Amino acid sequence: MFNSSDMRMKPFVILGFPGLSPPYYGPVSALLFFIFFALVFGNLFILVFVMSERSLQKPTYLVFCHLALNDLTFGTVTLPKIISKYWFNDSTISFYGCFVQMFFVHYIGAAHSFILMVMAFDRLIAICIPLRYPALITNTVISVLCGCSWFIPVSLILTIVLQALNLPYCKSNVIIQGYCDHFSIITQACGKDVIVAQITAFCIAMFCLLLPLAFILFSYVSIIVAILKISNSAGCKRTLSTCTPQIFITCLFYLPRCFVYVANTVGFSFSLDIRILLILLYSLLPAAVNPIIYCFKTQDIKKMMVKRLTKAKVVRVIKMSF
C-alpha cells in the first residue's frame, strides 16, 4: 500500500498475461512483434501507395489513409511496451508515461470511431445520391471531416485524463492489462472522486462510440434499402461490392467491443487472461487486418497493384533479355 505522494513517484508495472509461464515469453513476444511488423508494414504501404498514385487520390481512399494512420499510431503507442515486457523483461512504465499512453489509447480509439462515421457518410452519398456525389463529396470536404474526427476527441479525452491524474493513488501500482487504459489506472485510485471520474469517462466513451455507431447503422441500413431497390442483379452486386470493405472494417471495430460490453452487462465473466486477450485482439487485430481488406476488397487498389506488379515483371524480363 502506498500513499498518494509515494504512488506518483513509483512507476506502474504492466502485468500482461498473468497466467503466462516464463518459457512462453519468447514465443509470445515473437508473435506480438510479428503483429507489430505486419501492422506497421501494411498501414505504411497503404499510405505510401495511395499517396503515390494520383488515380487513387479520391475521397474514399483518403478516408482509408486516415484509418491507416490511425491504426499505425495505435500499434506504435501500445505494442512496443508489451513486447519489451516479454522480450527484455521490462514491464515498468513511468507514472506520467502511463497517463500519456492512456491518453493516446483512448484518443486514437475515439478518432477511429469518428473516421468510420465519415466513411459511412461517404458511402451513403455515393450510393443513395450518386448524381450529387461529385459535388457534395470532394477531397477537401473529406479532409475537413477527417480533420474534425481527429480534433473533436482531443478535449474530451484530455478531460478524463486530467480528471484521473488529479485523483489520489493509494493501491497497487500494477496495471492489469497489456497497456495503460482508463479502467486499469482508475482501479488503483482512492477517494470519493473515483466514482465521478468513472461516470465522466463512461459518458464520454458512450458519446464517442454510440453517436458515430448510430449514424453508421442508419447509413448502412439506408444503403442496403437503396441496393435492394435496384432491379438489375448485376448492378445490385456491383453496388454492394463498393461498400463491402467499409462494412468489414466497421464490423471489425465495433462487433468485438459490443460483445465484450454485452457479456459484462449480462454478467458473463471471463478469466483475467481471456479478458486481456480479447481486449488486445479487438484493439490490434483490425489494425493488422485492415490493409488486407483495402488491398483485396477494393477493386481500384487491387487493379492498381496488379498493374504495378505486371509492369515490374515486364521490366525485369526486358532487362534479363538484354
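So, the lining of the largest pocket: by class, 25 residues are nonpolar, 7 polar and 3 charged. Here Ala, Val, Leu, Ile, Met, Phe, Trp, Tyr, Cys and Pro count as nonpolar, Asp, Glu, Lys and Arg as charged, and the others, Gly among them, as polar. Keep in mind that this is a predicted model, where local features need pLDDT of at least 70 and side-chain atom pairs count only at pLDDT 80 or more, while totals for chains, interfaces and linings use all residues. Residues are numbered from 1 along each chain as its sequence is written, and side-chain values use heavy atoms, without hydrogens and water.

A pocket, by the way, is an open set of points on a 1 Å grid over the protein atoms alone, where a 1.4 Å probe fits, with protein on both sides within 12 Å along at least five of seven lines; lining residues have an atom within 4 Å of a point.

Back to our largest pocket: its volume is about 1,100 Å³, counted as the space filled by probe spheres set on the points. Of its 35 lining residues, H106, A205, L209, Y261 and Y282 are the closest to the centre. Which helix gives the most to this lining? That is α8, with 10 residues; helices here are DSSP runs (H or I, at least four residues), numbered from the N terminus.

Now the second largest pocket, with about 410 Å³ of space. T60, Y61, R123, T242 and D300 are the closest to its centre, out of 19 lining residues. Helix α9 brings the largest share of that lining, 6 residues. By class, we find 7 nonpolar, 7 polar and 5 charged residues there.

Terms used. Helices (H or I, at least four residues) and strands (E, at least two) are DSSP runs, numbered from the N terminus.
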